[in-house]
Amino acid sequence: MLVWIIFLACILVFLALDLGVFHKHDHVIKSKEAGIWTAIWVTIALAFSGVVYWLFSNGVMDNPTGLTANEAVLKYITGYLIELSLSVDNVFVIAVIFSSFKIPPVFQHRVLFWGILGAIVFRALMIFFGVALITKFDWIIYVFGVFLLYTAFKMLRGDDEDFHPEKSFVFRNLKKLYPITSEIKGHDFFIKKMGVRAATPLFVALMVIELTDILFALDSIPAILAITADPFLVFSSNILAILGLRSMYFLISRMLEKFRYINYSLVVILAFVGLKMLFSHYIHLPEWVSLTVISVSLIGGILASLYIPDKD
């Protein structure tokens, strides 16, 4: 429990420094600043693999799946790369949400900050129940595998391209529950208008982002559970990946058209992980195979996007 408490305390310190010190004043995040922060978050996440090695080599914490220190590090890095790659698709959706609700760039970081905070809570719950299900019911891994293959098929067909946040379930029902105004007054989520307290577009965007993150977690959590059922490795790799999602958004959201082949990388990753789950009781692949497939898929999608000319 001490390891979990220290890890969560560090995450809270990172978040407090982020909003209270480095982004105390609202400003537009430029590509250079986003690139620096993305590099910092990736460096922290990769450096944490050294902590994972130390924890498992010294037996500091429970090791329910009986992993060696080297196996734990490989599983952590693989899980981190899976979550990081699936976060790219999340960036596309966040860009559409901000555009639909006309959120000024100067306030987007604050919305994402609170969105990440909510995502940490929801994902912690989903990881807890996901690990419990896999531990108690072996057959649930087949359900997760089929679901990931279905998701990969939908992504290949492009079924999610026509996403309209203003027509979403959250927005339609939020209007029934609470007054909503189209006025934006600073970075406030709520304002008083004609004596009535109303939610601003910033709050509406936040709620839609929270829902979409839960939907994305339905893909990413089973995908990481295919790599390992160790709760600490699943949670730490997942959380450290989404902590860097904000800076990644500001870095690549301005270059969305350039990454037109990255979805094919995600299709390959989801299909591979889904098949790995379906055949997990019959075929046991070394961890370096999963890491190689994921890395090559991501690099291939990026290189294809950069070097294959756009016919349009």
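Author: A salt bridge is a side-chain nitrogen of Lys or Arg within 4 Å of a carboxyl oxygen of Asp or Glu. This is a predicted model, where local features need pLDDT of at least 70 and side-chain atom pairs count only at pLDDT 80 or more, while totals for chains, interfaces and linings use all residues. Residues are numbered from 1 along each chain as its sequence is written, and side-chain values use heavy atoms, with hydrogens and water left out.

Reader: Thanks! How many salt bridges does a search of the whole structure find?

Author: Side chains of opposite charge can pair when their charged atoms come close. When the whole structure is searched, the number of salt bridges found is 1.

Reader: How many residues apart in sequence are the parts that Glu83 and Arg123 tie together?

Author: Helices here are DSSP runs of H or I with at least four residues (strands are runs of E with at least two), numbered from the N terminus. Glu83 makes a salt bridge with Arg123, with 2.8 Å between the closest N and O atoms. Glu83 sits in helix H3 and Arg123 in helix H4, so the pair ties together parts whose separation in sequence is 40 residues.

Reader: Why does Glu83 count as buried?

Author: Buried means under 20% relative accessible area, exposed over 50%, and partly exposed in between, with a 1.4 Å probe and protein chains only. Arg123 and Glu83 are both buried. Glu83 falls in that class because its relative accessibility is 2%.

Reader: Which residues is Glu83 in contact with, leaving aside its neighbours within four places in sequence?

Author: Contact means heavy atoms within 4.5 Å. Glu83 is placed in helix H3, which covers residues 69–100. Once those sequence neighbours are set aside, its contacts are Arg123, Ser220, Ile224, Ser237, Asn238, Ala241 and Ile242.

Reader: Moving on from H3, what is the phi of Lys102?

Author: Lys102 is in the loop between H3 and helix H4 (105–136), and it counts as exposed because its relative accessibility is 66%. Most residues other than glycine have a negative phi. Lys102 is not a glycine, yet its phi is positive, at about 55 degrees.

Reader: And where does Gly59, with its positive phi, come in relation to H2?

Author: Gly59 is in the loop between H2 and H3, and with 55% relative accessibility it counts as exposed. The phi of Gly59 is near 60 degrees, and this glycine follows H2.

Reader: How far does helix H2 reach from its first C-alpha to its last?

Author: The expected span of a helix is 1.5 Å times one less than its number of residues. Helix H2 (residues 31–57) has 27 residues, with an expected 39 Å, and its reach is close to that, at 39 Å.

Reader: At which residue does H7 bend?

Author: H7 has 25 residues and reaches 35 Å from first to last C-alpha, close to the expected 36 Å. H7 is also mostly covered, with 20 of its 25 residues buried. The bend at a residue is the angle between axes fitted to the seven residues ending there and the seven starting there. For H7 this angle is about 35 degrees at Ala217.

Reader: Which helices each supply at least two residues of the nonpolar patch?

Author: Patches join residues with over 30% relative accessible area and no salt bridge, like charges within 9 Å and nonpolar side chains (Val, Leu, Ile, Met, Phe, Trp, Tyr) within 5 Å; areas come from the Shrake-Rupley method with a 1.4 Å probe, and for residues only the protein chains shown count as cover. Phe147, Tyr150, Phe153, Leu211, Leu215 and Leu218 make a nonpolar surface patch of about 540 Å². Phe147 lies in helix H5 and counts as partly exposed because its relative accessibility is 32%. The helices that each supply at least two of the patch residues are H5 (140–157) and H7 (201–225).

Reader: Last one: which residues of H9 are buried?

Author: Helix H9 (residues 245–252) is mostly covered, as 7 of its 8 residues are buried. The buried residues are Leu245, Arg246, Ser247, Met248, Tyr249, Phe250 and Ile252.
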